[in-house]
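Open the model in your viewer and keep the sequence panel beside it. The tour below says what to select at each stop.

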Amino acid sequence: MERLILCGGGHVSLEVAHIARRLEFELVVIDDRPEFASRERFPMAGQVVCAPFLEALDGLGSRESDYYVILTRGHAHDRDCLEHVLRGKYAYAGMIGSRTKVAAVKDALEAAGIPAFGPRANAAVIEASKAFS
């Protein structure tokens, strides 16, 4: 089954989780804050992980059929999660953010040697930038 992995457990993630359930994804929610990564908040999730983002992503591994939606509370967490995802296997990676945030993440990834607009990374940064064009 395809997994939808939500990096971040905020209000937008909660809405995406409801949609994911209807689409029959195996839903995984990651957040490093107990109040946002709980079974009570995400009863529809197959797995809720309360841990630092990179530790949680490492623990999950990656599959070519994984879908990632990055919705953390800050630029640094978004960048770290996206970099981790882009180095692994995935079917889709998306991130929300303002033009400023998308540009900052893109620049940081390229500085780390990860082409943010490369053939496998298009979904991640372009999806985010289209939303705010």
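How many disulfides does the structure hold? The structure holds zero disulfides, a disulfide being a pair of cysteine sulfur atoms within 2.5 Å. In general, a disulfide is a covalent bond between the sulfur atoms of two cysteines.

This is a predicted model, in which local features need pLDDT of at least 70 and side-chain atom pairs count only at pLDDT 80 or more, while totals for chains, interfaces and linings use all residues. Residues are numbered from 1 along each chain as its sequence is written, and side-chain values use heavy atoms, with hydrogens and water left out.

Select Cys 7 and Cys 81. The nearest cysteine sulfur to that of Cys 7 belongs to Cys 81, 4.1 Å away, and Cys 7 is in no disulfide. Cys 81 is likewise in no disulfide. Cys 7 counts as buried because its relative accessibility is 0%; buried means under 20% relative accessible area, exposed over 50%, and partly exposed in between (1.4 Å probe, protein chains only). Cys 81 also counts as buried, at 0%.

Next, select residues 99-111, which form helix H4. Helices here are DSSP runs of H or I with at least four residues, numbered from the N terminus. H4 has 13 residues and reaches 18 Å from its first C-alpha to its last, close to the 18 Å expected at 1.5 Å a residue (1.5 Å times one less than the number of residues).

Which residues of H4 are buried? They are Lys 101, Val 102, Val 105 and Leu 109. Seen down the axis of H4, these buried residues fall within an arc of 100 degrees, so they line one face of the helix; the arc is that of the directions from the helix axis to the C-beta atoms. Now select Arg 99, Thr 100 and Ala 111, which are exposed on the other side of H4.

Key
Helix = DSSP H or I, 4+ residues; strand = E, 2+ residues; numbered from the N terminus.
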